[in-house]
Amino acid sequence: MNASDKRIASLLRQIATQDVVELRQEASVAKRVAAQAYVAEQYGFSYGEAWREGHNKSVLAVRLYRDPRPEARAREAATIAAHPEAGMGGTVPGLRPGTLNPLPEAEAAVAVLKDRIGYDVMAQPTGASQKRFAYAMIGVVAVIFLAMGKWVEALAVSAVLTAFLVGAFRLSDVRRQRIADRLTAAGLTAVTDEHGRRRFLPPGQQLPGHANPFA
């Protein structure tokens with residue numbers, strides 16, 4: 001059993017025994033996590049939220065919830081009937097055998113999940129608190145140079161760092177807006193959660209609550 005098969009087997013064990021499924025993988029391979037989330041959705045789960053964790057925030061974590069709606073239960077039953085050996089060497093819904101690569105018919109859905117995950121976990125340096133902290137650090141650096149009597153260096157370093165931060169903030173905003181445009185085009189709706197964060201949801205889904213987005 002290769003690494004991909006092991007991940008699918010682990011995912012299916014969670015699906016069989018839990019109402020909340022969590023996936024974790026290196027953030028650099030977000031599409032693989034999205035592919036696993038797609039598989040979970042075929043078994044009656046729905047994407048809930050995603051975040052980064054671990055050293056240097058290098059691990060991508062995704063949480064999905066069991067969807068109690070009749071259409072989700074029907075989807076789960078159809079998937080079990082069509083893929084009775086999934087996780088045991090048999091076919092897996094939407095994936096190429098032995099891989100976490102989506103089949104052509106699943107590509108679009110996996111891409112939407114990848115965008116939802118990316119939108120939720122993307123660093124948001126444009127937030128007011130993050131901006132204040134970043135600019136405060138520039139001020140600290142400038143004060144250090146000034147304390148050393150290096151006025152020219154203080155001005156130069158402050159200017160360079162400020163230009164870099166402004167560019168980084170702008171780039172993040174542009175990337176996030178592009179993802180938002182794609183999600184809107186895919187039929188998802190923008191909503192605001194209780195923390196003031198913008199989220200995108202498909203028709204009929206609510207924001208995640210304490211335990212379940214459908215409660």
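Two strands are taken to pair if DSSP finds at least two bridges between them, and the elements themselves are DSSP runs, with helices (H or I) of at least four residues and strands (E) of at least two, numbered from the N terminus. With those terms in place, Glu-53 stands opposite Val-59 in β3.

The model is predicted, so that local features need pLDDT of at least 70 and side-chain atom pairs count only at pLDDT 80 or more, while totals for chains, interfaces and linings use all residues. Residues are numbered from 1 along each chain as its sequence is written, and side-chain values use heavy atoms, leaving out hydrogens and water.

**The sheet**

Strand β2 and strand β3 (residues 59–66) are joined in the antiparallel sense over 8 bridges. They belong to an open sheet of 3 strands in the order β1-β3-β2, with antiparallel pairing. Because β1 (20–26) and β2 (45–53) each have a single partner strand, they stand at the edges, and one side of each is left without a neighbour in the sheet. From one strand to the next the twist averages 20°, where angles run from 0 to 180 degrees between N-to-C directions and axes are lines fitted to C-alpha atoms, for helices over the stretch in contact.

**Helices on the sheet**

Helix α2 (residues 30–42) lies across β1, β2 and β3 and runs at about 160° to β1. Helix α4 (residues 107–121) also packs on the sheet, where it touches β2 and β3 and its direction makes about 40° with that of β2. Contact here means heavy atoms within 4.5 Å.

**Helix against helix**

| Pair | Angle | Axes |
|---|---|---|
| α2 and α4 | about 115° | 8 Å apart |
| α1 (residues 3–17) and α2 | roughly 35° | within 11 Å |

At an angle of about 115° between α2 and α4, α2 is therefore roughly perpendicular to α4, a term that covers 65 to 115 degrees, whereas angles under 35 count as roughly parallel, over 145 as roughly antiparallel and the rest as oblique. The crossing of α2 and α4 is right-handed, meaning that the near helix is turned clockwise from the far one by less than a right angle, anticlockwise being left-handed. Residues of α2 including Val-33, Ala-37 and Tyr-38 meet a set in α4 that includes Val-110, Leu-113 and Ile-117. The residues of this contact divide into 10 nonpolar, no polar and 4 charged, with Ala, Val, Leu, Ile, Met, Phe, Trp, Tyr, Cys and Pro counted as nonpolar, Asp, Glu, Lys and Arg as charged, and the others, Gly among them, as polar.

Helix α1 likewise passes α2 in a right-handed crossing. Here Arg-7, Ile-8, Leu-11 and Ile-15 in α1 meet Gln-36, Val-39 and Ala-40 in α2, and the residues of the contact comprise 5 nonpolar, 1 polar and 1 charged.
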